Structures are given as structure tokens and as C-alpha cells.
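This briefing goes through a single chain by topic. Please keep the sequence and the model open while reading.

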Amino acid sequence: MYSDFILANDRPAYIQVKDYMRRLITTGALQGDQKLPSTRELCVLLHVSRNTVINAYSELEADGYIYTVKGQGHFVIDSAAPSDSVFQSHGVMIDWSTKLNDYARLAEEHDLMKHGIRGQKQAISFTSIAPDEELFDLQNVKRAFMDRMSLEGEVLLNYGYAKGYQPLIEYLLSYMENKGVDLTGKDLLVTSGFTEGLSLVLSSFKQGSGRILCENPTHHTAIKAFKMHGYKITGVPMERDGIRLKDLSHELASHAYDLAYLIPSYHNPTGIVMSHQKRREALRLFNEYQVPIIEDGFNEELRYSGSHIAPLVVSAGSGNNNVIYIGSFSKILFPGLRVGWVLADKALIHYLESVKRARSIHTSTLDQSLLYQYLYNGNFEKYLKRAKSEYKRKYELVVKGCKDWLPAHQLSSDGGLHVFIEFASGLDTRKLLKLCSEQGVLFTPGDIFYTDGRGRNTLRLGFSRVSEADIRKGIQMIGHCAEKLL
């Protein structure tokens with residue numbers, strides 16, 4: 001015993017000794033009322049100073065693991081060590097797979113981190129559409145953190161409010177107003193990213209028809225959420241300028257829908273921006289059939305050319321309250337902060353706030369305050385300008401590479417951090433992925449974004465975290481492998 005202790009350099013020595021001895025006690029290696037080595041003995045056994053052992057024993061006694069008998073030494077507290085019954089119980093092995101409900105099974109089944117694309121460690125991967133961490137504005141993030149902690153550090157480390165951190169709420173309301181949103185009758189709830197916002201909305205709605213309508217293809221995370229909440233999904237095909245209105249009108253006339261979900265700007269996965277005319281007509285149709293719309297704000301800021309098109313929630317105006325806008329800075333700023341928001345009618349936010357409180361109490365106040373201070377300090381605009389310049393260069397390189405090296409394809413994307421490729425119908429991108437992965441290149445096969453099993457001839461290329469050299473090399477390899485299959 002004691003020969004397996006290895007002292008590391010990254011933590012105080014007395015804490016390492018304390019943790020080591022506590023582990024011996026809680027695992028039963030040291031029994032209740034057993035006498036421990038003296039401080040002189042243990043410092044020799046563990047090759048540490050005597051003061052280190054004295055401090056470790058003091059901490060263990062304060063934590064209720066050992067006690068001291070004057071003149072005799074230190075002993076293990078009986079209740080701190082496991083009883084014999086722990087080691088006498090045999091054969092109790094629960095088969096957890098029989099205990100899980102459909103919600104858990106669907107989550108696991110659609111978990112791309114477990115069942116998605118895997119490749120070599122050094123592979124060129126076009127699978128991510130997360131921001132490039134090399135662009136992160138670390139100095140100003142650190143400054144924002146210190147600024148906010150110096151002002152109200154004690155408050156930020158305590159419980160917060162379910163609705164959100166008030167200074168951030170006010171900033172986001174102003175941010176949405178600057179986009180053109182009429183805030184009359186609207187309110188805002190801060191969430192832990194887009195995914196929680198969508199889940200809060202889906203779980204709060206009463207299911208009538210149990211149907212939800214969306215674009216086809218659409219965001220894979222949204223498809224997963226719809227299925228986990230028990231919705232039947234109808235996908236409406238897309239055209240170069242957004243959802244196909246003729247099919248949308250037909251679906252709304254043919255079936256009742258509880259909700260609609262749309263990504264009008266820099267759509268995931270196609271990158272398409274819905275035209276202004278289609279936005280107005282889609283809103284008219286949804287209003288006519290009394291179908292609430294969930295608008296995914298996604299990559300609205302990442303426009304590289306052309307004029308800005310306002311969100312659906314702007315086009316709806318103040319006379320309608322049927323658009324629920326879910327926003328996030330995850331694809332622009334720092335996804336690690338997990339801060340998003342829902343902007344909707346006050347009556348709906350009133351209930352969503354209570355659902356949020358019942359589920360997770362509140363989004364991390366520390367994260368919210370850090371984001372707020374960073375935004376308040378005026379860093380966002382400078383960072384966005386630099387990020388857009390970098391992403392635009394990569395975007396143009398990807399478009400040119402696809403034009404030069406990919407056979408028989410159509411490319412769609414008006415901005416954002418990815419492009420969507422459609423090959424001739426005979427090319428299976430699952431087979432293409434297998435060939436490419438053997439050559440160290442990965443992408444996301446497009447069929448995972450479709451609601452009806454189609455899209456086997458499509459793929460998504462995320463370029464935000466890929467170097468320019470690897471963009472050229474990777475697309476060239478995809479084209480080479482596609483030629484083989486064709």
C-alpha cells in the first residue's frame with residue numbers, strides 16, 4: 001500500500017495526498033477505526049514533506065474522514081469507510097436498455113457524435129459548421145470577464161433568474177429592434193443555446209394534429225427534436241429562392257398543422273436565403289391557416305454579398321403575433337457560452353419562463369454576463385467584421401474549388417459557414433463518403449437533413465474550421481472520388 005501514489009506538478013501536494021488517502025478510505029482499502037501511519041511515516045512512504053501530510057490529515061479530519069486520538073494518532077472514521085454489505089452484494093446487474101423510454105432511444109439513435117462520420121485523426125473534415133476558434137477575440141473576452149466580475153462578481157456566482165440576466169435581455173431586445181422588429185407586445189427569454197429554446201417551445205405546445213411543417217431539407221438537430229417530441233414531420237421542397245410556395249399551399253390546405261419551422265436566412269443545410277416575396281407569401285399562408293411559425297435565426301449575420309433581408313418576425317409586423325424567433329450567437333461568436341434567446345408574444349414568453357424555471361432554473365448567469373459585457377464594450381462589430389472577411393475568403397475558395405473539381409453538380413449557398421452540393425441522381429454520397437474517408441477527407445452526407453429519406457445524392461461542406469490549403473486539397477479529393485463513382 002502507498003506505493004502507487006504519484007505526485008503531479010499541477011496541484012498543491014497536500015490536496016493530492018488528501019485525495020489519495022480519501023480514495024483509500026472510500027474504496028475500503030482502509031477500514032473503519034484503522035490506525036493510519038504517523039505523519040513522519042507517511043511523508044517517507046509518499047516522498048513528500050511532513051507539513052504536506054499534516055495539512056492533508058487536517059483537511060481529512062475537517063471533512064469527516066478521520067479522527068485523532070491524543071497520544072495515539074489518526075484513525076479512519078467508521079462511517080466513512082464502506083461497510084461489508086457493499087462487498088457482499090452479488091448478481092445485481094440492471095439491463096438499462098430495458099428501462100429506457102422512446103425519448104432516450106430516439107436521442108441515441110440520432111446522435112451524430114456516436115453514429116456519425118468518423119475518420120482518421122488528421123483527416124480534412126468538412127463536417128463542422130462551428131466558428132473557427134483561431135478567430136476568437138480572447139483578449140477582449142478576458143477584459144469583459146474582469147470588467148463584469150469587478151462590478152458584481154458575488155451576484156453572478158449565485159442563482160439567477162429564469163427569464164435571463166436583465167442587462168443582456170435589454171441588449172438583445174435593442175439588437176432585435178435594430179433588425180427592424182416591432183417589439184410591441186413582445187418579450188424575450190434567454191436560453192442555453194438554440195437547442196434549449198426549440199425544446200422549450202416544442203414541449204410547451206398542445207398537440208392537436210401532431211404534425212409540424214418545415215423545409216425539406218432542414219436542420220438535423222430540429223428533425224431530431226421534432227421526433228423526440230412526438231411530431232410527424234412534413235417537409236416542403238425548396239427552390240433556389242426558398243420554400244416552394246405551391247407545395248406549401250397544398251400541404252396547408254390538405255392537413256392541419258400545429259407548428260411550422262423555417263430557416264429563412266442562410267438555411268441549414270442549403271445556405272439559401274428566402275426571397276422577400278416568398279417571405280411575405282409564406283407569412284400570408286401561415287396566417288390564413290392559423291399556424292404558428294418557429295423562425296430559426298441561424299447565420300443571419302454572415303452575409304457576404306447582396307442586400308440585407310429582414311427576419312420573418314420583422315415582416316410579420318405588429319399586427320401578427322404568430323412568429324416565434326429563436327436566436328443565438330453560437331455560429332458567430334462563442335458556442336461554448338451556450339446562450340440563446342426566444343423572442344415572441346408576451347403571453348407565450350410568460351409560460352415559457354415557467355417551463356424554463358421548472359427544467360433548469362436559469363441559464364448560467366456568468367455566461368450571460370460575460371456575453372453582455374463583451375457586446376456592451378463594442379467588441380462584437382469589430383470581431384464580426386474580421387470574421388466575415390475570413391469566412392468570405394474561404395467561402396469564395398470553396399465555391400471556386402467546387403466549380404473547378406466537382407463533376408455534374410449544383411451548388412447552393414448565399415452565405416454562412418457551409419455550402420450544399422447536389423450531384424447527378426446516380427451518385428450516392430454515402431458511397432462517396434466511404435471512398436473519401438479512406439483518403440482522409442470527411443463531409444456530411446445530405447440525406448440526414450431530409451425528412452423523407454431523400455437526398456442520397458447531396459452533401460454539405462462546412463468550411464469554417466478548414467485551412468485554405470486543406471479546402472483545395474479536400475475538394476479536389478472529393479471530386480476525384482466522385483469521378484470514380486460516376
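**Briefing on the chain**

Leu-262 has Glu-295 in E9 as its bridge partner. The model is predicted: local features need pLDDT of at least 70, side-chain atom pairs count only at pLDDT 80 or more, and totals for chains, interfaces and linings use all residues. Residues are numbered from 1 along each chain as its sequence is written, and side-chain values use heavy atoms, with hydrogens and water left out.

**Overall**

- The chain has 18 helices and 16 strands; helices (H or I, at least four residues) and strands (E, at least two) are DSSP runs, numbered from the N terminus.
- Along the principal axes, the C-alpha atoms fill a box of roughly 90 × 60 × 50 Å.
- Of the 486 residues in the chain, 49% are buried; buried means under 20% relative accessible area, exposed over 50%, and partly exposed in between (1.4 Å probe, protein chains only).
- Taking contacts between residues at least 6 apart in sequence, 74% join residues at least 24 apart, where contact means heavy atoms within 4.5 Å.

**Sheet of 8 strands**

- The 8 strands form an open sheet with mixed pairing, in the order E4-E11-E10-E9-E8-E5-E6-E7; two strands pair if DSSP finds at least two bridges between them.
- Strand E4 (186-191) and strand E7 (242-243) are at the edges with a single partner strand each, so one side of each has no neighbour in the sheet.
- Strand E8 (residues 259-262) pairs with strand E9 (residues 293-296) in the parallel sense over 3 bridges.

**Sheet of 4 strands**

- An open sheet of 4 strands runs in the order E12-E13-E16-E15, with antiparallel pairing.
- Its edges are strand E12 (409-412) and strand E15 (444-445); each has a single partner strand, so one side of each is left without a neighbour in the sheet.
- Between strand E13 (residues 418-423) and strand E16 (residues 458-462) there are 5 bridges in the antiparallel sense, and Val-419 stands opposite Leu-461 in E16.
- Helix H16 (residues 379-405) lies across E12, E13 and E16, at about 165 degrees to E12; axes are lines fitted to C-alpha atoms, for helices over the stretch in contact, and angles run from 0 to 180 degrees between N-to-C directions.

**Helix H9 with helix H14**

- The axes of H9 (residues 193-204) and H14 (residues 346-360) come within 10 Å and cross at roughly 110 degrees.
- H9 is therefore roughly perpendicular to H14; angles under 35 degrees count as roughly parallel, over 145 as roughly antiparallel, 65 to 115 as roughly perpendicular and the rest as oblique.
- Residues of H9 including Glu-196, Leu-200 and Ser-204 take part in the contact, with Leu-352 and Arg-359 among those of H14.
- The residues of this contact of H9 with H14 divide into 4 nonpolar, 4 polar and 3 charged; Ala, Val, Leu, Ile, Met, Phe, Trp, Tyr, Cys and Pro count as nonpolar, Asp, Glu, Lys and Arg as charged, and the others, Gly among them, as polar.

**Helix H5 with helix H10**

- H5 (residues 102-109) and H10 (residues 220-228) pack at an angle of about 160 degrees with their axes 9 Å apart, and are therefore roughly antiparallel to each other.
- Tyr-103, Leu-106 and Ala-107 of H5 make the contact with Lys-224, Lys-227 and Met-228 of H10.
- The residues of the contact of H5 with H10 divide into 4 nonpolar, no polar and 2 charged.

**Ser-305**

- Ser-305 is in the loop between E9 and helix H13 (312-315).
- Ser-305 is exposed, with a relative accessible area of 54%.
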